[in-house]
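I am keeping these notes as I look through a structure step by step, beginning with the chain and then turning to single residues.

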Amino acid sequence: MSQSEGNIESILHESRLFEPPAPSGAPWLIDSLDEYKKLYQRSIDDPKSFWGEIADGFHWFHKWKQVVSFEAPDAKWFVGGTTNLCYNCVDKHVRDGYGDEVALVWEGEPVGKDGPEVKRFTYAELQKEISKFANVLRGLEVHRGDVVTIYMGMIPELAIAILACARIGAAHSVIFGGFSAQAIADRVEDAKSKVIVTCDGAWRRGNVVPLKENVDHAIEILKQSKKKVAAVVVRQRCKNGIEWHEERDYWWHDLVHEVDDQCECVPLDSEEMAFLLYTSGSTGKPKGIKHTVGGYMVYTATSAKYVFNLVPGEGQLYWCTADIGWITGHSYIVYGIMPNRVPTFMYEGAPNHPEADRFWDIVERHKVTQFYTAPTAIRAFMKWGDEHVTKHDLSSLQVLGTVGEPINPEAWMWYHNVVGGGECPIVDTYWQTETGGHMITPLPGATPTKPGSCTLPFFGVDAAVVDQEGKEVPANHGGLLVVRKPWPGMLRGVYGDRQRFIDTYWSTVKIDGKPVYTAGDGARRDEHGYFWIMGRIDDVINVSGHRLGTMEVESALVAHEAVVEAAVVGMPHEIKGTGIAAFCTLATGYEASDDLRDKLRAHIGEQIGAIAKPDMIRFTDSLPKTRSGKIMRRLLRSIAAGEVEVNQDTSTLEDFSVVARLQATDES
Ligand code: WTA
């Protein structure tokens, strides 16, 4: 499908409104558009009382003095208050007499003859496990304010590890298990981390991801800068051999065996760092997005409550299929869900192991009530066939969610009809690592939905589509997506790089002389005020819902001796949404070949990780450039999409110069 067809498709569907259905389980917390509108208006007109009242529902060791103080770009929320994320996720429920309720349900990937392994933790059990690991971290001399790096599979110890950090006021930096040793080393170095928590291996589609081996390589790289790092390893018995380094490696099970299971939550200032999460930008190395304790907690838990209609005591089981290595997992597997006292479900492995119906089998067996996934997964399910879904009883589902990239209307309709049986509201949640939680999203019992639109802003979010001058554009005109007021979950900085924080988010648009938060996405609002995200406006591409900077991939390519110059652009991809196309010029002595393509793909895998491997690599004798020397990316995008024919001459290298000359002069 070409992009223009996609637009026609969305316009056709746009006239179609799906009214919120009656609840199939717990009553809707907000059950009419009017109620949403009233609350929204209040949240914008009087954020202090709006958020102040909500924050009162959380535990504070010391109540805040001021709800918000803001001088762009610096926001402080719940100023002067002290609290603890782990306390609000776990201890509060134990204190209130719910210690025996299930907090976390986990299922492993391998399916033995007795079925898959399932583990359940109550709040009281989690409290002990977290306390033990918190004591372990202290024993390894992790102090309040230090950053602990976590590189693990999707196992309960991952949730326990991050909550243990939160308990003692250490920040965590979770790195997705698909990243390479080099990527780990870069992040550990930037965060000045002294401890890495990992696993011997992780299951993925029946194969083992060698996590410990990657950590070993990362530590080797770090040794060059004389950095000392300890590794705590969870034994997963994946049967991959690992090397053991007595002086720095510790088994998780040995350490937790030796410590006390009591550890008090440390009262932390609202504005103390909660965690770093590294994300790709349009330039240079990934940046450490910094979130703080109080605002992030209140914002993620409140958005989770209303967007997923979380109601304790109603037998709900919430499942988000993301990896905790991404913000979606941080906010909507752990920190936003647990304060709501609804159990959160975690699955270790791939959606098609052992069969293509694994997810639906899980939904049926565990009676999942809220299901949250990404458009790329939905497109894969569509391709695998309806029968894998329809053979299961999915009647437990109450809300379906999607996140990560714009969802194409066909995938939306399929999700609605085949998974939701036409009766389940879909929440298409637009947000970012930087925003901490949902920004633009329907509320399931209140907002009529339109396939492909993330609809209306969440409480407190003053989102707008503006031009470069900060003026709102008319309905159905494209512009820049900005947020004009602070919200509790907003990022507080880029770790160690104030200038990058300002340049990236606060320099594009000013309103009344003051900078406003610029998301980096293009958007339009339709005549009903609904938002339609049109995609990134910077050099970031969204591959299967994962953000990648084109510069990162280009730098990795030119780091290979065969490549002199590289340009990376996005291209349409049936499943991933956007695939990666790389155009390279070669050093003398190298010839274009499939073998070289394979080598370059493997090289990218080592430098960044498998998710960054290009879907297409094309070799050319020169990259098309404007007169001012800029690479003509728009032309390359058209070539990658097959919209511009390139006549290959007899040589193996493609010559784009002719097409470049035919294009209307300079690209800006
Ligand atoms: C894109 C993921 C359209 C967008 C939570 C954003 C979306 C980037 C949606 C953030 C959506 C995320 N509709 N686009 N519902 N959700 N995006 O930081 O381009 O991994 O800027 O956060 O994903 O990606 P990130």
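**Charges, then the rest of the chain**

I began with the charged side chains and found 69 positive and 91 negative ones in the chain, with the centres of the two sets lying 4 Å apart. I note here that the model I am reading is a predicted one.

Next I looked up the secondary structure, which comes to 20 helices and 32 strands. I then took the extent of the chain along its principal axes, where the C-alpha atoms fill a box of roughly 75 × 65 × 55 Å.

Does the radius of gyration agree or disagree with that of a compact globule? For 668 residues such a globule would have a radius of gyration near 26 Å, and because the chain has 24 Å, I wrote down that the two agree.

I also looked at burial and surface, and I found that 61% of the 668 residues count as buried. The accessible surface of the chain comes to about 26,400 Å², and carbon and sulfur atoms account for 48% of it. As for contacts with a separation of 6 or more, 71% of them in the chain are between residues 24 or more positions apart.

**Cysteines**

I wanted to know how many disulfides the structure holds, and the count is 0. Cys165 is in no disulfide, and the nearest cysteine sulfur, which belongs to Cys86, is 10 Å away. A disulfide is a covalent bond between the sulfur atoms of two cysteines. The cut-off for counting a pair is that the sulfur atoms lie within 2.5 Å.

**Ile168**

My last entry is on Ile168, which I found in helix 6, a helix that covers residues 156-168. Ile168 counts as buried because its relative accessible area is 3%, which is under the 20% cut-off.

Which residues does Ile168 touch, leaving out those up to four places away in sequence? I listed Ala134, Leu137, Arg138, Val142, Arg144, Cys263 and Val266.

I finally compared the position of Ile168 with that of Asp621, and the pair is 453 residues apart in sequence and 56 Å apart in space, C-alpha to C-alpha.

Methods: Residues numbered from 1 in each chain as written. Predicted model: local features only at pLDDT ≥ 70, side-chain atom pairs only at ≥ 80, totals over all residues. Heavy atoms only, no water. Helix = DSSP H or I, 4+ residues; strand = E, 2+ residues; numbered from the N terminus. Buried < 20%, exposed > 50% of the residue type's maximum accessible area, 1.4 Å probe, protein only. Contact = heavy atoms within 4.5 Å. Rg over C-alpha atoms; globule rule 2.2 N^0.38 Å. Areas by Shrake-Rupley, 256 points an atom, 1.4 Å probe, with all protein chains shown as cover. Lys, Arg positive; Asp, Glu negative; His and termini not counted. Charge placed at Lys NZ, Arg CZ, Asp CG, Glu CD.
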